[in-house]
Amino acid sequence: MWNEPSAGVAVAALDPDSSARQPQPAVVASVEPGSIGEELGFEAGDQLLSINGIRPRDLIDYRYLCVEEDLHLEVRDAAGAHHEVDLEKDADDGLGLAFTEALFDGLRQCNNHCPFCFIDQQPPGHRDSLYLKDDDYRLSFLYGSYLTLTNLGDADWQRIEEQRLSPLFVSVHATDPELRSRLLVNSRAGLILDQVAWFAARDLQIHAQVVVCPGLNDGGHLERTLTDLAAFAGGEWPAVLSAAVVPVGLTRFRPADDGLKPVDPACAAAVIDRVEALQRQFQQRLGSRFAWLSDEWYLIAGRALPPRPDYEDLPQQENGVGSIRAFLEALDQATTDLPRSVDRPRRCSWVVGKIVATALQPVTDRLNGIEGVELRLCGLPSPYWGQDQVVTGLLTGQDLIEGLAGQDLGDELLLPSVMLRQGQPVFLDDMTLEQLRQALPVPVRIVHGAADIVASVLGQVGEIS
């Protein structure tokens, strides 16, 4: 019986008639200038077929295989010609290739049926990628996406151990086996504590998250979950590095009988009080707060965000934990040395999700203190999702057109890049940036981060392209 190698799939073992998952050639998207790949003549559109007789399954395999100093590459160029290349290099040298996909054998999708799944709460008819249920441990390792561990086979666990794919980011939701199985509608979900113990036994690590659904996994269940996870957080090599607590997001497209309730101010306040009490215990025992609340809890409850030091090294910033506090800190740094006036008067608007507008108002007032600057902060709800209090990244093109209609937007609209699909000018409702620009009466400028926003307000950036 043929055994799968630790990295990739042996080309000789590929069966074109098999229905099993097989890696496709890795298609080159770009080549780094001055790299080995450029010296070899790689171009966009070329297909990397194998490395030392192994076809990589994904970007992880590619990186592992490229560590070898002697490489034999099989390549098919964009014209269809076949090439074989032998080279010697230092172990630390990469080839400088970027690919169109990170996974060459397809995405591992979710096998759970969580009623709170945001993907299932979208309207039909949009681009296919919006409906992909990513539950792939490889993307978790590469990019920090969350997975549930319920769709892993023995070979997957073996690969995680052999290639030291750590840390992974795990959606826990509850550690009580019966409750987690019920939340995920999957009997395998009840194995979570055994799986965390598996990571601990191998000195592998995870970051955890809990999506709180009021009346289901809050209260004592939430306390048990965080306490169970914290039991794996001590020692020199903790298995659980951090835990994030985030509120469930519900849209108007979900089934009416799903039994879910939105988070209201009273619920948010109760969750804050419970988690902050646990933080004090964890701080004493572990030297870290360990579990953190996403910013939305404080905004929903109408409470001030914790000070920046409370978030320590921001281990869950990409999950919305401390992201607004970090952004405010960056805005403070970007506005420490403001001019008294600008050379040319600037009238512009800055659009954000309604839930964060109050937190950003002090910075807006600071900028409006500059002579010649008139900045209007537009905090919008999302009729598209049916959410009044919404984060900026969920605003759609339709929300912008409806929310900004009839408003005096000044001479320019500043639009945070977080609203757009990464690398593409399109919103979550499939409206393109060009369509939005045609619908609005003022030019639209995409802004990236605090410094870019301040520079745009001050007129210190170039013309809109």
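**A chat about the model**

Modeller: Let me start with Val75, which is buried, with a relative accessible area of 5%; buried means under 20% relative accessible area, exposed over 50%, and partly exposed in between (1.4 Å probe, protein chains only).

Biologist: What should I know about the model and the numbering?

Modeller: This is a predicted model, where local features need pLDDT of at least 70, side-chain atom pairs count only at pLDDT 80 or more, and totals for chains, interfaces and linings use all residues. Residues are numbered from 1 along each chain as its sequence is written, and side-chain values use heavy atoms, with hydrogens and water left out.

Biologist: Where does Val75 sit?

Modeller: Val75 belongs to strand S5 (residues 70-76). Strands (E, at least two residues) and helices (H or I, at least four) are DSSP runs, numbered from the N terminus.

Biologist: And what is Val75 in contact with?

Modeller: Setting aside neighbours within four places in sequence, its contacts include Phe42, Leu48, Leu49 and His82; contact means heavy atoms within 4.5 Å. Val75 and Ser50 are 25 residues apart in sequence, with 7.3 Å between their C-alpha atoms.

Biologist: Switching to strands, how does S2 pair with S3, parallel or antiparallel?

Modeller: Strand S2 (residues 26-31) and strand S3 (residues 47-51) are antiparallel, with two bridges. Two strands pair if DSSP finds at least two bridges between them. Val27 has Gln47 in S3 as its bridge partner. S2 is also joined to strand S7 (residues 97-99) by three bridges, again antiparallel, and Val28 stands opposite Phe99 there.

Biologist: Which strands make up the open sheet?

Modeller: Five strands, in the order S8-S9-S10-S11-S12, with parallel pairing. Strand S8 (146-147) and strand S12 (291-293) are at the edges with a single partner strand each, so one side of each has no neighbour in the sheet.

Biologist: How many bridges join S11 to S12?

Modeller: Three bridges, with S11 covering residues 240-247. Val245 has Leu293 in S12 as its bridge partner.

Biologist: Okay, helices now. Which residues of H6 are buried?

Modeller: In helix H6 (residues 192-201) they are Ile192, Gln195, Val196, Trp198 and Phe199. They cover an arc of only 150 degrees around the axis, which puts them on the same side of H6; the arc is that of the directions from the helix axis to the C-beta atoms.

Biologist: What's on the face turned away, and what covers the buried side?

Modeller: The face turned away carries the exposed residues Asp194 and Ala201. The cover over the buried residues of H6 includes helix H4 (154-162), helix H5 (177-184) and strand S10 (206-212).
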